[in-house]
Amino acid sequence: MLLRGIPMLMKTKALVLRDVSYKESDRILTLLTQDRGKMSASARGSRKKGSPIAAGTQLLCWSELVLYEYRGRWSVKEAAVERQFRGVRRDLERFALGCYFAETAQTLALEDLPAPDLLSLLLNSLHVLDKKPELPLPLVKTVFEWRCMCAAGYEPQVEACARCGAPEPEQPRFHPLEGLLYCKACRPEEDSAPLSPAALAALRRIVCADPKKLFSFRLDGASLHQLEALSERYLLLQLDRGFGTLDFYKQLSI
């Protein structure tokens, strides 16, 4: 929100998606804000020892920020930490996965357009990485990938076979370029991927679940591996790009 009487100031909560060192002690931040979606802002002096905004402008930090605009550019005036996700920061593999989530959100979010579903998903996923070590990282990753695509308008159509209409396709297959579900007999081509009954049930649940219950299920073994590989392939094909943070995470998880 803009502060009344001081039109060049704005207070908002934001997650730091990316930070780039600039000059001797500054950083340029990419933020996903509660009020205006994706924004860029400079954090002047944030790399100096004892800087009052240092903690609140760290990568993957959720903070309440006061921003000020000067000549069309935003800068951080104040930063109060709301959540640092310390459990994520203490584990390199979890931190790498969190950075992949942030880079994906940065790609999907638009400048100055609120993205409440994407922001909520990102915060929820970071909370799970932080506080629920019992959940396998591949499960957290596949849930985030499928659901962020839904939030961005790429929801897969998995209610029934796209060709014959069977609600329970025989030997189901998913076409990651089309985003459609088929029976094997309806789409036997190699560019579609098989889904076990458990993987298909999990995918349907992820697409439709209440956000508060998004991670409250279990999937393991071959079905989890199958669904995770497919969610990654779907995301990369639909967005037509790769992610350096994903490559780094995969190197750590080998």
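Predicted model: local features only at pLDDT ≥ 70, side-chain atom pairs only at ≥ 80, totals over all residues.
Helices here are DSSP runs of H or I with at least four residues and strands are runs of E with at least two, numbered from the N terminus. With that in hand, helix H3 (116-131) and H4 each supply at least two residues of the lining of the second largest pocket. Residues are numbered from 1 along each chain as its sequence is written, and side-chain values use heavy atoms, with hydrogens and water left out.

**Aromatic rings**

- The structure holds six aromatic pairs (rings of Phe, Tyr and Trp, the last by its six-membered ring, with centres within 6.5 Å; planes under 30 degrees apart are stacked, over 60 edge-to-face, the rest tilted).
- One of them joins Tyr100 and Phe243 edge-to-face, at 5.7 Å centre to centre with 75° between the planes.
- That pair links distant parts of the chain, 143 residues apart: Tyr100 is in helix H2 (residues 92-108), and Phe243 is in the loop between helix H6 (221-239) and helix H7 (244-253).
- Both Tyr100 and Phe243 are buried (under 20% relative accessible area, with exposed over 50% and partly exposed in between, using a 1.4 Å probe and protein chains only).
- Phe101 and Phe144 are stacked, because their ring centres are 4.1 Å apart and their planes are at 25°.
- Since Phe101 lies in helix H2 and Phe144 in helix H4 (residues 137-151), this pair ties together parts 43 residues apart in sequence.
- Phe101 is buried at 0% relative accessible area, and Phe144 is buried at 0% too.
- Tyr100, Phe101, Phe144 and Phe243 form one aromatic cluster.

**Charges over rings**

- Arg241 lies over the face of Phe243, at 4.1 Å from the ring centre (NZ of Lys or CZ of Arg within 6 Å of the ring centre and within 35 degrees of the ring normal).
- The charged end of Arg187 sits over the ring of Tyr182, 5.3 Å from its centre.

**The second largest pocket**

- This pocket (on a 1 Å grid over the protein atoms alone, an open set of points where a 1.4 Å probe fits, with protein on both sides within 12 Å along at least five of seven lines; lining residues have an atom within 4 Å of a point) is lined by residues including Leu108, Pro116, Asp117 and Cys148.
- Helix H3 gives the largest share of the lining, three residues.
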